[in-house]
Amino acid sequence: MRKGQLRFRGVAAAVVSTAFFAVMVPSAVAAQQGEPPRLIVSIAIDQLRGDLLDRYSEAFTGGFRRLLDEGFSFTQASHAHARTSTAPGHATLTTGVYPARHGLVANSWQHRRGMQWQNMYAVGDDESPILGFENVDVLAGRSPRNLIRDGLPDWLHALDEDARRVSISRKDRAAVPLGGRNSEHVYWLLPEVAWFITSTFYRDGYPGWLRDFNDEVMPEIFGAPAWESLVPEELQHLARADSATYEFDGVHTTFPHVSADENAPDTTLAQHYVWGADRPVADNAVMALAAVALDELDLGQRDETDYLALGLSTNDRMGHQHGPFSQEVFSILLNVDRLLGDFFELLDDEVGEGRWIVGLSADHGVVTMPEYAREQGNLEAERIQRDSVLQQLSPMVAEALQGGGSPREVSERLANAVEAAGLATTAYTHHSYTRGEPADSFAVLYRNSYYPGRAWDTLSRWEVDLRYGQDDYVGSRTGTNHESSYWYDRWVPMIFMGSGVNPGTSDEPVYTVDFAPTLAGLAFIPIPDDLDGRRLF
Ligand SMILES: [Zn+2]
């Protein structure tokens, strides 16, 4: 049972009833607040930009359909930090604070220890080896040790020690932050063997049901030799044509995608599994494991509120290769629509209708392929090779350092040189984040991504962060990316559904730091009073 549940429930009811007249979307608040939900489901779809559900809406018949029809959608939700990537996005959705405060400023960064800088992966931790793979030189350890704020599962745990907290994703840098700082079951995929794994940080042994799942179910799911499109012919026009030279490797750009064609001719099983881990079978595996965990752990089926976080990563893996308007991304989203539709039905059966709540959002968006943007009339859109930018930056660092002086003087000299050479639209010095008045409105986003001693950008070790042009894609020869501070990378869906939420939409600007406190509010879980986000209902 929850500590002080009755007392707290009274407080929550009072807050809700007074807030009823003040909140911006009162229609979203159900008139009757009943029991807390038995299960909180937090879903993050990697790289799901804010326009994609709307664009493909007429094709959805499953979970997305239900969320769009029965849930409450914030259509103008966005991340309010500059470095829009996976680890920061998932951590922000879970903790209700900006990367500047939860600490996962990027997927990886240069980490200062004393006078030394060393590479750091956001969820890397060699003191927490992977369970069953104790040699960290072979397989690096993982934990949330770099995450310095509690998140929704931790707030739940503080309220109720018996609450079960589970997080599952294809990616470690999604599963770990979604699990907060002390979830019991946190699993991600080891592609080469197609197993879900965890680290000694979380557990000292794999549960039998997970071993069975890895041994028996995973080879079946990952055995699929090809990826076929799910897009009905009459709806293909919602995405662009299937083939474009700027997709993937420029050759394998059309359906069906066949493992044996896209791998070397003598594909090993490990190569085939790695291929599958970037394709929809990985989402199928996450959702299949979620269903097993639901049963084995009786999630939402006891007299407690439990937490289940799911990270669906395929949209990002293939979105990078084929772009947001590709037939591939369209097909991935149709698959996720089906998977979520089935899962929501399972929740209705196992947990009970009206006994669970779900929040769905994304860790970041993506920039439209520059070539396609040009075809659509944006002649400013340009693909710039990242390597050539980096090559030009290194002599500037050497020159700025040669001039001597304080770190602040060096950073100002370096920022001026980069801007004068036209290599970036703006070069922000770290000092400028704290002097009181940000240089421009983007600087606020950069400040929200700034954590001293965690240098995530090319020049951050020298206290400078770069903003490239809005129409410039700085990256590789094909495909696309995110990581910028522009709207296309920050804009994400944010939808809530379940007990306490009435259907509706709002175009109020809201932020991803609001995601966790809103879910907590719907589950009557107290939140820290120093969050950057707030309850939306
Ligand atoms: Zn990505």
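Residues are numbered from 1 along each chain as its sequence is written. Because the model is predicted, local features need pLDDT of at least 70 and side-chain atom pairs count only at pLDDT 80 or more, while totals for chains, interfaces and linings use all residues.

Between the domains, 16 residues of domain 1 are in contact with twelve residues of domain 2, contact requiring that the C-beta atoms of two residues, placed from the backbone, lie within 7 Å. On the side of domain 1 that touches domain 2, the elements that give two or more residues are helix 5 (99-102) and strand 3. Helices (H or I, at least four residues) and strands (E, at least two) are DSSP runs, numbered from the N terminus. Strand 3 gives the most to this side of domain 1, with four residues. The residues of the side divide into ten nonpolar, four polar and two charged; Ala, Val, Leu, Ile, Met, Phe, Trp, Tyr, Cys and Pro count as nonpolar, Asp, Glu, Lys and Arg as charged, and the others, Gly among them, as polar.

Strand 3 (residues 108-113) pairs with strand 14 in the antiparallel sense over two bridges, and two strands pair if DSSP finds at least two bridges between them. Histidine 111 stands opposite arginine 454 in strand 14.

Strand 1 (residues 39-45) is mostly covered, with seven of its seven residues buried. A residue is buried if 20 or more other C-beta atoms lie within 10 Å of its own, the C-beta atoms being placed from the backbone. Leu39, Val41, Ile43 and Ile45 point one way from strand 1, and Ile40, Ser42 and Ala44 point the other way. Strand 1 pairs in the parallel sense with strand 10 (residues 306-312) over seven bridges, where isoleucine 45 stands opposite leucine 312. Strand 1 also pairs with strand 11 (residues 356-361), in the parallel sense over six bridges, and isoleucine 40 stands opposite isoleucine 357 in strand 11.

How values were computed. Buried ≥ 20, exposed ≤ 12 C-beta atoms within 10 Å, placed from the backbone.
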